[in-house]
Amino acid sequence: MGTARERILDAAEELITAGQVPPALDAVAAAAGVSKGGLLYHFDKQSLLRALVTRAVHRFDERLTAAAAQGLMAAAWLRLSVPAPDERTVYRAIMSMLRLTTTGQFDLPGEVGDAERRWQQMLVAELGDPVRARLVRLVGDGLFLGALTGPPPTSDEVEQLLHHLGLRTTAEQTRS
């Protein structure tokens with residue numbers, strides 16, 4: 001079942017996914033099966049949101065680091081930029097949380113900037129060109145926004161894009 005802290009984070013993620021951005025602390029405590037005092041022992045509203053963003057960044061980072069170790073970071077970046085149908089709600093919730101930064105209700109944790117710099121460095125290391133790495137990042141950003149606002153590209157379309165950009169894919173790696 002996990003620690004109380006993990007249960008709280010899981011409950012907050014579920015509430016955010018359901019559209020409660022930011023989630024009320026009372027609702028998070030109830031969904032996690034802890035008292036509000038128990039929740040406040042671990043988090044206030046700001047630290048809860050920061051912990052959720054940090055958790056998402058770590059999950060994304062694990063996937064990208066594993067792909068980079070195989071020389072497939074650029075392809076993974078673009079594939080991860082297109083949420084699967086069951087992930088679209090989560091991605092939209094993340095975008096809603098990020099909107100809170102523009103109103104001053106929330107400041108992104110430093111881990112976000114650190115991760116972005118690390119991901120850019122991994123792309124440059126793989127592609128050998130900072131401009132090409134930036135281009136892959138921007139294409140991923142466009143795929144992400146497009147998938148949230150309209151029909152997402154199909155996996156075939158993403159694979160065609162990878163091929164057109166000359167990026168190594170898992171299948172090509174196996175042939176090497």
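How many residues does helix H1 have, and how far does H1 reach from its first C-alpha to its last? I began there, keeping in mind that this is a predicted model.

**Entry 1, helix H1.** I found that H1 runs over residues 4–17 and has 14 residues. From first C-alpha to last, H1 reaches 20 Å, close to the 20 Å expected at 1.5 Å a residue. I then looked up which residues of H1 are buried, and the list holds Ile8, Leu9, Ala11, Ala12, Leu15 and Ile16. They cover an arc of only 165° around the axis, which means that they sit on the same side of H1. Past H1 I came to Gly19, which follows the helix and has a positive phi, near 105°.

I looked up the largest nonpolar core, which has 47 residues. Those touching the most other members are Ile8, Val28, Leu48, Leu64, Trp77, Trp119 and Val136. Two or more residues each come from H1, helix H2 (25–32), H4, H5, H6, H7, H8 and helix H9 (155–164). H4 gives the most, with 9 residues.

**Entry 3, the largest pocket.** I read off a volume of about 1100 Å³ for the largest pocket. Its lining has 30 residues, and Ala56, Phe60, Tyr91, Ile94 and Phe144 are the closest to the centre. I sorted the lining by type and got 20 nonpolar, 3 polar and 7 charged residues. Helices that each supply at least two lining residues include H1, H4 (45–69), H6 (88–102) and H8 (130–149).

Technical notes. Residues numbered from 1 in each chain as written. Predicted model: local features only at pLDDT ≥ 70, side-chain atom pairs only at ≥ 80, totals over all residues. Heavy atoms only, no water. Helix = DSSP H or I, 4+ residues; strand = E, 2+ residues; numbered from the N terminus. Expected span 1.5 Å × (residues − 1). Buried < 20%, exposed > 50% of the residue type's maximum accessible area, 1.4 Å probe, protein only. Arc of directions from axis to C-beta. 1 Å grid on protein atoms, 1.4 Å probe; cavity = no way out; pocket = protein on both sides within 12 Å on 5 of 7 lines; lining within 4 Å. Points joined across faces, edges and corners; volume = space filled by probe spheres on them. Nonpolar A, V, L, I, M, F, W, Y, C, P; charged D, E, K, R; others polar. Core = buried A, V, L, I, M, F, W, Y, C linked by side-chain atoms within 4.5 Å.
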